[in-house]
Amino acid sequence: MELLIQLPNTLGGTGSFNKNRGISFEVTGPCVISIMAKSSGSADRVIKMVDSSNKEVGNFAAATSVGITSVEIDKADTYFISSTSGGVYVYMILIEYYE
């Protein structure tokens with residue numbers, strides 16, 4: 001298990017692969033990635049995750065209240081998350097590897 005973020009990190013608006021307004025991280029094998037997040041506004045938002053080839057591999061919810069969403073990943077790679085529409089607070093990224 002690997003915990004990447006423990007404090008709020010603001011993704012201040014829509015981001016794109018290899019650009020600002022996002023978070024990148026590496027995983028070393030098949031795992032479950034869980035993100036605790038919240039919209040910074042009054043509307044629900046979505047956090048998109050792409051792999052190193054910019055292929056979308058999952059989405060995480062960023063509702064108006066804090067919640068946790070998980071996505072299963074089947075390979076080692078570098079991943080990038082960003083908001084699809086506006087600001088979000090990311091409180092935690094948890095990676096749980098399969099044994």
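**View 1. Phe25 and Tyr79 form an aromatic pair.** At 6% relative accessibility, Phe25 counts as buried (buried means under 20% relative accessible area, exposed over 50%, and partly exposed in between, with a 1.4 Å probe and protein chains only). This is a predicted model, in which local features need pLDDT of at least 70 and side-chain atom pairs count only at pLDDT 80 or more, while totals for chains, interfaces and linings use all residues. Residues are numbered from 1 along each chain as its sequence is written, and side-chain values use heavy atoms, leaving out hydrogens and water. The structure holds 2 aromatic pairs; rings of Phe, Tyr and Trp (its six-membered ring) pair if their centres lie within 6.5 Å, and planes under 30 degrees apart count as stacked, over 60 as edge-to-face and the rest as tilted. In the tilted pair of Phe25 and Tyr79, the centres are 6.5 Å apart and the planes make an angle of 35°. This pair links distant parts of the chain, with Phe25 in strand 3 and Tyr79 in strand 8, 54 residues apart. Helices (H or I, at least four residues) and strands (E, at least two) are DSSP runs, numbered from the N terminus.

**View 2. Tyr89 and Tyr91 make a tilted pair.** Their ring centres are 6.4 Å apart and their planes meet at 50°, so the pair counts as tilted. Tyr89 is partly exposed, at 28% relative accessible area, and Tyr91 is partly exposed too, at 22%.

**View 3. Here we look into the largest nonpolar core, with its 20 residues.** A nonpolar core is a set of buried Ala, Val, Leu, Ile, Met, Phe, Trp, Tyr and Cys residues joined through side-chain atoms within 4.5 Å. Which residues touch the most other members? They are Phe25, Ile33, Ile35, Ile47, Met49 and Ile81. At least two core residues come from each of strand 3 (22-27), strand 4 (31-39), strand 5 (45-50), strand 6 (56-62), strand 7 (67-73), strand 8 (77-83) and strand 9 (88-97). Take Ile33 as an example: leaving aside neighbours within four places in sequence, its contacts (heavy atoms within 4.5 Å) include Phe25, Val27, Met49, Phe60, Val71 and Ile95.

**View 4. Ser83 sits in strand 8.** With a relative accessible area of 1%, Ser83 is buried. Which backbone atoms lie close to a polar atom of its side chain? The backbone nitrogen of Ser85 is 3.2 Å from a polar atom of the Ser83 side chain, and the backbone oxygen of Gly86 is 2.4 Å from a polar atom of that side chain.

**View 5. Ala43 lies in the loop between strand 4 and strand 5.** Ala43 counts as partly exposed, at 39% relative accessibility. Not counting residues up to four places away in sequence, Ala43 touches Ala62 and Thr64. Ala43 and Ala62 are 19 residues apart along the chain, and their C-alpha atoms are separated by 9.0 Å.

**View 6. Stepping back, the protein has 0 helices and 9 strands.** Along the sequence, the pattern reads β-β-β-β-β-β-β-β-β. Of its 99 residues, 39% count as buried. Among contacts between residues at least 6 apart in sequence, 77% join residues at least 24 apart.

How values were computed:
Polar contact = N/O pair within 3.5 Å; in protein donor to acceptor, adjacent residues only side chain to side chain.
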